Structures are given as C-alpha cells and as structure tokens.
Amino acid sequence: MARRKHEEEQAPAASWMNTFADLMNLLLCFFVLLFSMSTVDADKYEQLVTSMTESINIFDGGGAAVNDGAFIASGTDQLVSISEYFNEFEKSGQKDATQNDDEPGKTSDSKTKEEDEYRKRQEAEKQQRTEELYGKVKEEARKKSIEDDIDINIDKQYQYVQISLNGAILFDSGEAEIKKSSLPLLSKVGDILKIYDSHYIKIEGHTDNVKISSAKYRNNMWLSTARATEVFEYLRHEKGLSPKTLEPTGKSSYEPVASNDTSKGRAQNRRVELKIYTDK
C-alpha cells in the first residue's frame, strides 16, 4: 500500500508542461512576427509595437497577455489582426513614396503640370514683351522716316527685335569702311538703339558666298567681322552706346536669307543685322 501511494504522488509532476508549451508557442509566434517586419522602417515598427503593447500587452506584462492560456486559444485571430495592421502600414509607405520630397502632398505628376503651366506663362509674357518692343521700334522708325530704308522683324522664338540694313548702303564691295552717304541713316538707327541701351544688342555682319580676293581680308568671315566691328565702333563713339551691351560678330555667308544663285539674292544676303534682345 505504501508503494502504490508513492506512485500516485509522482503522476501530477508533468502538469507544468502545458504552461511551458503555451509560452514556447507565444515566443515562436512573436519572433516570426519580428522576422516578417525586419525590412520595415523604424517609425512604422515603433507604431506597431505601441499598438501591440496597448492591445495585447505582451511587452509590459506577460501574464496579462497570456491570460492563463487565452492568447494561445485565440492566437489565429490575433495574428490575422496584426497582419492586417502591418499591411496598412505597407500601403501607406508606398503612397508616401509617390509624394514629392520638396513639396509634401504633391505628386510628381502635379509638379510637372505646374512646371509646364509656369513655362507657358513665362513664354507668353516674353512674347508679349517682344511684341511691345517691336511696336515701339516700328513707331520710332516711322517718326524718323526710315521705315522704308530698314527691315524690322521679330524672331520666331520671340527673343529679339531685329533691324536689318542693306550692306550695299553701308559699304563698298569688299570694304568694311562705312560710306559717308549712309551715316545719316545709321545715325537715326543709332538713336533708336540708344533708347534700348540697357538691352543686350548684337551686331552681325553677313556676306554672300562669293569668294573675295583682298589684301585686307583673308575671306568673307574676316570681312563680315570687320564690318560688324565698324558699326560697333560707330555706335559706341558717335552715338554713345555702352560697349558692355554691344557685341559685334561676323557670320560670313553661313546664314543667308535668300538664294546666292541670283544677283538679287546675293544683294539681300549682304547685310548688317542689329538684334535688340527682349531680356536685359
């Protein structure tokens, strides 16, 4: 009888294994959850930990979270809720990635649209300023009665207003010295340019494609550059324009406005262009 009683006292010793098994399952689920979140940024992880602490309290009071085995019994429901919570953070992160870093709340598409609209407004304003400049130059030419002696145009990009002078009026063939007979016309043009002395003004010399043979000028590029420089010196010294805003340059025969196959076309190509740029 004493031996049987001793055996009965040894049997209940394995009851602690239930609690231990529950704890192991809980730890396994917890570490699997941590592993699944290993690529999540710190802010999202902190928010998730806070939510878990408030809802299931596994960090601050293990016994309360286990609740005598209740957590294991409802473990599937808890993990599903946590998975849904984690997925919401993933979606919010993807949404944030589409937003512009410099301007929070604005997507790249909206920023591109705003840039296009801004560019269009700038182009429209520039076109308006150039057309106004063109109108003023035309009016000044009319007042000075030289509108029939010069050509006034606007470029297609609305960057400048151009005054074109016939090269035959300004220079003798193969020469860069300004003819005295053209000085009255050039003087009136200089008076118009003086009004826009603060603007960038480009002086371009152009020739036809007929090769020259001269001891002074090696080729048409040298000749066209010399002619532009002569006009530059006249406007600077005789009309008082600032050399800081004037730029003489030679174009030779590389930018014709007419065909060089006819004498009329070649005469049109021999010219000096004065470009008043809209932007100062």
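**Ground rules**

This is a predicted model: local features need pLDDT of at least 70, side-chain atom pairs count only at pLDDT 80 or more, and totals for chains, interfaces and linings use all residues. Residues are numbered from 1 along each chain as its sequence is written, and side-chain values use heavy atoms, with hydrogens and water left out.

**Stop 1: the whole chain**

Color by secondary structure. The protein chain has 11 helices and 5 strands. Helices (H or I, at least four residues) and strands (E, at least two) are DSSP runs, numbered from the N terminus. Now color by accessibility. Of the 280 residues, 32% count as buried. Buried means under 20% relative accessible area, exposed over 50%, and partly exposed in between (1.4 Å probe, protein chains only). Contact means heavy atoms within 4.5 Å. Among contacts between residues at least 6 apart in sequence, 68% join residues at least 24 apart.

**Stop 2: the sheet**

Select the strands. The 5 strands form an open sheet with mixed pairing, in the order E1-E2-E5-E3-E4. Two strands pair if DSSP finds at least two bridges between them. Which strands stand at the edges? They are E1 (151–154) and E4 (246–252); each has a single partner strand, so one side of each is left without a neighbour in the sheet. Neighbouring strands are turned by 20° against each other on average, direction ignored.

Zoom in on E1 and E2 (residues 160–166). They run antiparallel, joined by 4 bridges. Ile154 stands opposite Val161. Ile152 has Ile163 as its bridge partner.

**Stop 3: helix H7**

Select residues 108–143. This is H7, which packs on the sheet and touches E1, E2 and E5 (271–277). The direction of H7 makes about 170° with that of E1. Axes are lines fitted to C-alpha atoms, for helices over the stretch in contact, and angles run from 0 to 180 degrees between N-to-C directions.

Check the length. At 1.5 Å a residue, the 36 residues of H7 should span 52 Å, and the end C-alpha atoms are 53 Å apart, which agrees. The expected span is 1.5 Å times one less than the number of residues.

Which residues of H7 are buried? They are Thr130, Leu133, Val137, Glu140 and Ala141. Their cover includes E1, E2, H9 and E5.

**Stop 4: helix H9 and its partner H10**

Select residues 183–195 for H9 and residues 220–237 for H10. Two packed helices are described by the angle between their axes and the distance between the axes. Here the axes come within 10 Å and cross at roughly 65°.

Show side chains at the contact. Leu183, Leu186, Ser187, Gly190 and Leu193 in H9 meet Val231, Tyr234 and Leu235 in H10. By class, the contact has 6 nonpolar, 2 polar and no charged residues. Ala, Val, Leu, Ile, Met, Phe, Trp, Tyr, Cys and Pro count as nonpolar, Asp, Glu, Lys and Arg as charged, and the others, Gly among them, as polar.

Stay on H9. Its buried residues are Leu185, Leu186, Ser187, Val189, Gly190, Ile192 and Leu193. Their cover includes H7, E2, H8 (167–170), E3, H10 and E5.

Next, pick Lys194, also in H9. Lys194 counts as partly exposed, at 38% relative accessibility. Lys194 touches Lys239, Gly240 and Leu241, not counting residues up to four places away in sequence. Lys194 and Leu235 are 41 residues apart in sequence but 8.8 Å apart in space, C-alpha to C-alpha.

**Stop 5: two serines**

Most residues other than glycine have a negative phi. Select Ser145, in the loop between H7 and E1. Its phi is positive, about 60°. Ser145 counts as exposed, at 55% relative accessibility.

Finish at Ser252, in strand E4. Ser252 also has a positive phi, of about 55°. Is Ser252 buried or exposed? Ser252 is buried, with a relative accessible area of 4%.
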